[in-house]
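Hi there,

Here is the structure I promised to pass on.

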Amino acid sequence: MVGLGGLVGNVRGRVVVVTKPGKARSRVRTQWLALGAALVVLAGVLVAWALANAADRVQVVQVAQRVKAGEVIQAADLTVADVAFDGVVQGLVPAASSGGLVGRIAAIDLGVGALLQTGMWRDAPAIADGEESVGAVLKAGRFPVGLVRGDVVLAAPLEASATPSAASASIAVRVLDVQAGGDGVLSVTLAVLAEQSVQVAQLAATDQLLLIGQPQTMTAATGVDG
């Protein structure tokens, strides 16, 4: 009798068992699937190995939240990223130095995902011994474009733009704060040497203050510890 499970008979004294073709195919298919999975895993390992050996990797500081130029950099604004390099990494900030950036001033707009590099920040401005703060409201055209906290420029009388002798009487001042207003007006707070603060304040009070020169920091940002 032939059953569905297979054929069992006595052929010349031997027992012959015939299994269902479906089971054999299922067993072969399982073996191929297992082999395919093993090949996928092997390929992933080889790719990871190739990437790891293609270049060394180092952790550097990355921008986690957008920071506008002139704003103070906070701890939440920073994160860490792994970057690959083939030679010496220059300009990037090591992850171990991220704490030294907190409290610094963004020199340019820092977009999310940007890797921080030398020159992207400035020291936080503060009143030093022998300095006083002077506030002023400046109309458009009376200050350098791109003026931000930490910049050092020259304060001069308004006629300095037309009179060389007046320009020679200019005073170096440091920007402590900048607030943009409507119609291009800029409100600034300046750090001025005590003996020159009254002169600058009088120019500001009479709407005669002019800030001139290329914005620059008192100490160039050459490193986190600099």
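A salt bridge here is a side-chain nitrogen of Lys or Arg within 4 Å of a carboxyl oxygen of Asp or Glu. By this rule the count comes to six salt bridges. Before the details, a word on the source: this is a predicted model, so local features need pLDDT of at least 70 and side-chain atom pairs count only at pLDDT 80 or more, while totals for chains, interfaces and linings use all residues. Residues are numbered from 1 along each chain as its sequence is written, and side-chain values use heavy atoms, with hydrogens and water left out.

Now for the salt bridges one by one. Asp109 pairs with Arg66, with 3.9 Å between the closest N and O atoms. Asp109 sits in the loop between β5 and β6 and Arg66 in the loop between β3 and β4, 43 residues apart. (Strands are DSSP runs of E, at least two residues, and helices are runs of H or I, at least four, numbered from the N terminus.) At 47% relative accessibility, Asp109 is partly exposed; buried means under 20% relative accessible area, exposed over 50%, and partly exposed in between, with a 1.4 Å probe and protein chains only.

Asp123 forms a salt bridge with Arg104, the closest N and O atoms being 3.1 Å apart. Here Asp123 is partly exposed at 32%, whereas Arg104 is buried at 12%.

Arg122 and Asp151 form another, at 3.5 Å between the closest N and O atoms. Arg122 lies in strand β6 and Asp151 in strand β8, so the pair ties together parts that are 29 residues apart in sequence. Arg122 is buried, with a relative accessible area of 16%, and Asp151 is buried at 0%.

That brings us to β8 itself. Six of the seven residues of β8 (residues 151–157) are buried, so the strand is largely enclosed by the rest of the structure. β8 pairs with β9 (residues 171–180) in the antiparallel sense over four bridges, where pairing requires that DSSP finds at least two bridges between the strands. Within this pair, Val153 stands opposite Val173.

Lastly, helix α3. Its buried residues are Ser197, Val200, Leu203 and Ala204. Seen down the axis of α3, these fall within an arc of 130 degrees, so they line one face of the helix; the arc is that of the directions from the helix axis to the C-beta atoms. On the other side of α3, Glu195, Val198 and Ala205 are exposed. Just after α3, Asp207 takes a positive phi of about 60 degrees. Asp207 is also linked with Lys139 and Arg142 in a network of salt bridges.

Best wishes
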